[in-house]
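Okay, thanks for coming, everyone.

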Amino acid sequence: MKPLRSPGERSPSGPRPPRRRPSVRTILKIVAAFVVLLLVTGIGLFFWIDSRLGGIDNVLDDYEGRVADTPGTNWLLVGSDSRKGLSAAQRRKLATGRAAGQRTDSMMLLHIPDGGDRPTLVSLPRDSAVTVPGKGRHKLNAAYAIGGPSLLVKTVETATGVHVDHYMEIGFAGFVDIVDAVGGVEIDVRAAVDDPLAGLKLKKGKQVLTGNQALGYVRTRKGGALPDFERTKRQRQFLSAVVKKAASPGVLINPFTSIPLAMSATEAVAVDEGTGAFDMLSLGLAMGDSPVTTVVPFGGNESVDGGTAVKWDRTKALALFDALAEDRPVPKDILDAG
């Protein structure tokens, strides 16, 4: 016969005493530890990214007659057609061709105002007729082919009167890697595209583009009465979309996307030697702030060394660049023209 339980002994099947809830002090300690961990991780990642940025020497060196520093912060963003980092199989898949050397495939001037106004992103058509210092009248992209990034910066500053504070460029391979690192980017394709030369076939409407598709999307000249004009619009549209996706909380707080993105971005881009991670953060925030977008107003053509180039509308182009140089909003009629 089993002995009786002693008085007060709880039955095995009886109610358990309530669990002790963690005190407010304990919860605060846990939250504080988590915040400290995030800060330490974020700071470590920040300096890691800074150490991985590849600087290009002498891009923004002073020269005789250089335009004085202008208010706000100005970035020259360049997409090159460099095939560096692409295997033969990748070049075939991406339909990049076998062109040797390196040229500028797209150029944009981003102005970040000192005040609270929205940034302005201006496409500089690569076939624009400009004076390349010391070389005469050429298409804008010839400046890079002749003298690399430093001559391109000098040409842009001379043509626009806007002082360039930072320079960043990216090639084909890096472009694809960044898009794939964020899991693709949603784009509203305004009209169906079928362009075998760019390796691209897209339906009309919103869709998520992979890195390969995105590269074809910004390179194709299909669609529109003015193909190069439509091309600059797609480039601005895509650049804004990819930066917004990269800066979204779903990407940044997820280590499975943020770390591959950081690795891809630092391997893909080249910047001037004075640009660091803090500047890149500022660029990302500006692009995520829904910048005003336009293209340099143009009209007609001009014969230059290398063929026929696009001629800027001098009056409207001056109004555009004067506004940027003086850190003022671009007049609406100029934006409409672009």
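**A helix on the inside**

Let's start with helix H5, residues 211-219: seven of its nine residues are buried, so the rest of the structure largely encloses it. Those buried ones are Gly211, Ala214, Leu215, Gly216, Tyr217, Val218 and Arg219. For the wording, buried is under 20% relative accessible area, exposed is over 50%, and partly exposed is in between, with a 1.4 Å probe and protein chains only. Helices (H or I, at least four residues) and strands (E, at least two) are DSSP runs, numbered from the N terminus.

Now the housekeeping. This is a predicted model, so local features need pLDDT of at least 70 and side-chain atom pairs count only at pLDDT 80 or more, while totals for chains, interfaces and linings use all residues. Residues are numbered from 1 along each chain as its sequence is written, and side-chain values use heavy atoms, with hydrogens and water left out.

**The chain overall**

How confident is the predictor? pLDDT is its confidence in each residue, from 0 to 100; the chain averages 79, and 76% of the residues score at least 70. The part to watch is residues 93-101, where pLDDT stays under 50. The model has 21 contacts for that stretch beyond four places in sequence, a contact being heavy atoms within 4.5 Å.

The chain has 11 helices and 15 strands, and 44% of its 338 residues are buried. Take the contacts between residues at least 6 apart in sequence: 67% of them join residues at least 24 apart. Accessible surface comes to about 18,600 Å², with 57% of that belonging to carbon and sulfur atoms. Those areas are from the Shrake-Rupley method with a 1.4 Å probe, and for residues only the protein chains shown count as cover.

**Strands**

Asp188 has Lys206 in E11 as its bridge partner.

Further along, E14 pairs with strand E15 (residues 307-312), again antiparallel and over five bridges. Ser303 stands opposite Thr308 in E15. The E14 and E15 hairpin has two residues between the strands, and Gly306 takes a positive phi near 115° there.

Asn58 has phi near 65°, and its place is in the loop between strand E1 (54-56) and strand E2 (73-80). Asp327 isn't a glycine either, and has a positive phi of about 60°; look for Asp327 in the loop between helix H10 (314-325) and helix H11 (332-337).

**Salt bridges**

How many salt bridges does a search of the whole structure find? Four, where a salt bridge is a side-chain nitrogen of Lys or Arg within 4 Å of a carboxyl oxygen of Asp or Glu.

Glu302 forms one with Arg137, the closest N and O atoms being 2.9 Å apart. That pair links distant parts of the chain: Glu302 is in strand E14 (residues 298-304) and Arg137 in strand E6 (residues 136-139), 165 residues apart. Arg137 is partly exposed, at 34% relative accessible area.

Asp62 and Arg66 meet at 2.8 Å, N to O.

Glu326 and Arg328 make another, at 2.7 Å, N to O. Both partners are partly exposed, Glu326 at 46% and Arg328 at 38%. Finally, salt bridges with shared partners join Asp62, Arg66 and Glu157 into one network.

**One surface patch**

Last stop: Phe278, Leu281 and Leu285 make a nonpolar surface patch of about 350 Å². Patches are made of residues with over 30% relative accessible area and no salt bridge, joining like charges within 9 Å and nonpolar side chains (Val, Leu, Ile, Met, Phe, Trp, Tyr) within 5 Å. Leu281 lies in helix H9, residues 277-287, and counts as partly exposed at 45% relative accessibility.

That's my tour, thanks.

Terms used. Two strands pair if DSSP finds at least two bridges between them. pLDDT is the predictor's confidence in each residue, from 0 to 100.
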